[in-house]
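Biologist: I would like to learn how to read the side-chain contacts in a model. Please take me through them one at a time.

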Amino acid sequence: KYVKDKELATQLKECSGIGTEATRANIIETIQNRGFVKTEKKNLVPTEKGYMVLKLLPDSLTYPDITARWEKNLEDISNQSMRLDEFQEQQSSFIEQILHEAMTKTIEPAKDVPVCPKCGKALKKIKSKKNGNFYWVCPDRECKSIFSDKKGKPDFDSNWQPPAPPNPNGLKCPRCGKPLMRFKSKQQFTTFKP
């Protein structure tokens, strides 16, 4: 039904479709956990994130044709009508082509992903290892904005920043310029670390 090349449809029928009974459930669970689909009345429905991924991927990866081609190639290898190194060369050039296409595409953030009010980049939700609280962090190295989590969304009124480390001695690292902190070792030597 979804195969573009009708000659490959028979190949999929011969190998019982895409995947196996054992792998299908695992694949469905994975794409649900990653937020690409959700369940609505016993049906799997794509999310906005799922549609975005489909838009980004080349057609050759979004249709079952590729699975049928690979199955045919594997059958040809077992029949010795194709060499394994030929198949590997095909796969290598196919992956290079896809990676080249991926490098040239621009990705727009999903509509439901919050963006940093300072720089406009998509925020990332992280969990603090210290206290277990969630925070929203801007991935931009120059912006470094951090926002508290308020009911699953960033609290833009908070603009939480981590406290500055104490620097009672006023010394700075000659390489990076960060404040140096004083540490005493067991041997009573004093060392400074950024």
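Modeller: Start with the salt bridge: a side-chain nitrogen of Lys or Arg within 4 Å of a carboxyl oxygen of Asp or Glu. Lys38 and Glu40 meet that way, at 3.5 Å from N to O. This is a predicted model, where local features need pLDDT of at least 70, side-chain atom pairs count only at pLDDT 80 or more, and totals for chains, interfaces and linings use all residues. Residues are numbered from 1 along each chain as its sequence is written, and side-chain values use heavy atoms, with hydrogens and water left out.

Biologist: How many salt bridges does the structure hold?

Modeller: Five. One of them joins Asp85 to Arg83, with the closest N and O atoms 3.1 Å apart. Arg83, Asp85 and Glu86 are linked in a network.

Biologist: Which residue forms a salt bridge with Lys121?

Modeller: Asp140, with the closest N and O atoms 3.2 Å apart. This pair links distant parts of the chain, 19 residues apart. Lys121 is in the loop between helix 6 and strand 3, and Asp140 is in the loop between strand 4 and strand 5. Helices (H or I, at least four residues) and strands (E, at least two) are DSSP runs, numbered from the N terminus.

Biologist: Is Asp140 buried or exposed?

Modeller: Buried means under 20% relative accessible area, exposed over 50%, partly exposed in between (1.4 Å probe, protein chains only). Asp140 is buried, at 18%. Lys121 is partly exposed, at 41%.

Biologist: What about aromatic pairs?

Modeller: Rings of Phe, Tyr and Trp (its six-membered ring) pair if their centres lie within 6.5 Å. Planes under 30 degrees apart count as stacked, over 60 as edge-to-face and the rest as tilted. The whole structure has two such pairs. Trp70 and Phe94 are edge-to-face, 6.3 Å between centres and 85° between planes. Trp70 lies in helix 5 and Phe94 in helix 6, so the pair ties together parts 24 residues apart in sequence. Phe147 and Phe156 have centres 5.2 Å apart and planes at 75°, so that pair is edge-to-face too. Phe147 is buried, at 1%, while Phe156 is partly exposed, at 39%.

Biologist: Where does Phe147 sit among the strands?

Modeller: Two strands pair if DSSP finds at least two bridges between them. Strand 4 (residues 134–137) and strand 5 (residues 146–150) run antiparallel, joined by three bridges. Trp136 stands opposite Phe147 in strand 5. Strand 5 also pairs with strand 6 (residues 153–155), again antiparallel over three bridges. Strands 5 and 6 form a hairpin with two residues between them.
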